[in-house]
Amino acid sequence: MDQFFILLGLLVCLAGLAKCVRFCKCVLLSFRKVLPRSFLQSMGQWAVVTGAGDGIGKAYSLELAKCGLNVVLISRTLEKLQVLAREIERSTRSRVRVIQADFTKDDIYESIQEELKGLEVGILVNNVGMLPNLLPSRFLSVPDEIQSLIQCNVTSVVKMTQLILKPMESRRRGLILNISSGVALCPWPLYTLYSASKAFVCTFSKALQAEYRAKGIIIQVLTPYAVSTPMTKYLNTNMVTKRADEFVRESLNYVTMGDETCGCLAHEVLASFLSLIPAWAFYSRAFQRFLLTCYTDYLRQNVSTRE
Ligand SMILES: NC(=O)c1ccc[n+]([C@@H]2O[C@H](COP(=O)([O-])OP(=O)(O)OC[C@H]3O[C@@H](n4cnc5c(N)ncnc54)[C@H](OP(=O)(O)O)[C@@H]3O)[C@@H](O)[C@H]2O)c1
């Protein structure tokens, strides 16, 4: 019995140590750029970004182009993509292709595959996503966009991965970044459908990474909390709410850090803090009331009027 408890104690210490090491690594990576441009370039000539027209997707497109990759921008509004394509071509030497597609539809993938034919895609950023309610709301009060949300947040990740993973597998090289959310790390009441859809992204990514790691492919899921974008109505930035460009720059530094990351130090700290809250408290009526009142007020006061 004694030996059992000693072993248990050792395992707990080891788990704590692993967390400390990971945290120290995050601190180091958030202050120092360690991943060379050549690492991203070595994945292949092209990067494909979904939901590239604005917010986090736009920031990934710009940053990957700055790192020397050509980029395929896929999103809904053609004009935004064309403006971004011109900006990338003007400020970098990268080539850009634009594909207009609505990820709430399921008949778009054949034409995307056709457009990607012949390109050596080394990086896929599955970024597109929709949040039906920025303010906390109960399931039945959220606009009924169930099918669209599943197509956009879930199906898009699976289908785009299916299209691009195959050639990556033959080349034995590639990087897939799947943008989930901090609210996927545990079930979040009042964001139920969004949280569940993003939890799918986490599970899918981590299982897929286990299948394809030995084939030289990196699959990482990112679980950020607040980033100031059109989705969050340009929430005022602070220590926790990041600008999209700063979030993306930091997150690209974490690419080799493991299967799952929040993408920036501030969100890693927040995630560790939230994980300390016991489930009974987190799912209590008092916490839900807090979300419905204080958090709603906070959001209302901090969303920007900029559109
Ligand atoms: N912002 C955050 O705080 C936050 C936190 C955690 C996770 N995330 C996740 O990060 C990802 C990006 O978020 P974001 O804040 O950058 O979003 P965003 O500001 O709403 O931008 C999303 C981009 O995706 C495009 N898009 C939206 N629906 C589309 C559809 N059905 N078909 C094609 N394109 C579509 C938008 O196109 P248009 O230009 O036409 O609008 C826009 O260019 C999402 O998956 C989101 O869930 C965001």
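Leaving aside neighbours within four places in sequence, Ile-164 is in contact (heavy atoms within 4.5 Å) with Val-48, Leu-116, Val-121 and Leu-124. The structure is a predicted model, in which local features need pLDDT of at least 70 and side-chain atom pairs count only at pLDDT 80 or more, while totals for chains, interfaces and linings use all residues. Residues are numbered from 1 along each chain as its sequence is written, and side-chain values use heavy atoms, with hydrogens and water left out.

Ile-164 is also among the members of the largest nonpolar core that touch the most other members, together with Val-48, Ile-74, Phe-103, Ile-112 and Met-160; this core has 34 residues. A nonpolar core is a set of buried Ala, Val, Leu, Ile, Met, Phe, Trp, Tyr and Cys residues joined through side-chain atoms within 4.5 Å. Buried stands for under 20% relative accessible area, exposed for over 50%, and partly exposed for values in between (1.4 Å probe, protein chains only). At least two residues of the core come from each of strand 1 (46–50), strand 2 (70–75), helix 5 (109–116), strand 4 (121–126), helix 6 (146–171), helix 7 (192–212) and strand 6 (217–222). Helices (H or I, at least four residues) and strands (E, at least two) are DSSP runs, numbered from the N terminus. Helix 6 contributes the largest share, 8 residues. A second, separate core consists of 33 residues, including Ala-52, Ala-85, Leu-177 and Ile-179.

An N or O atom in the side chain of Thr-77 is 2.3 Å from an oxygen atom of the ligand, and a polar side-chain atom of Asp-102 lies 2.9 Å from a ligand nitrogen atom. For Pro-230, a polar backbone atom is 3.4 Å from an oxygen atom of the ligand. Of the 890 Å² of accessible area (Shrake-Rupley method, 1.4 Å probe) that the ligand has on its own, the protein covers 93%.

Lys-242 lies in strand 8 (residues 242–243) and counts as buried because its relative accessibility is 13%. Its C-alpha atom is separated by 9.0 Å from that of Cys-264, 22 residues apart along the chain.

Definitions and conventions:
Polar contact = N/O pair within 3.5 Å; in protein donor to acceptor, adjacent residues only side chain to side chain.
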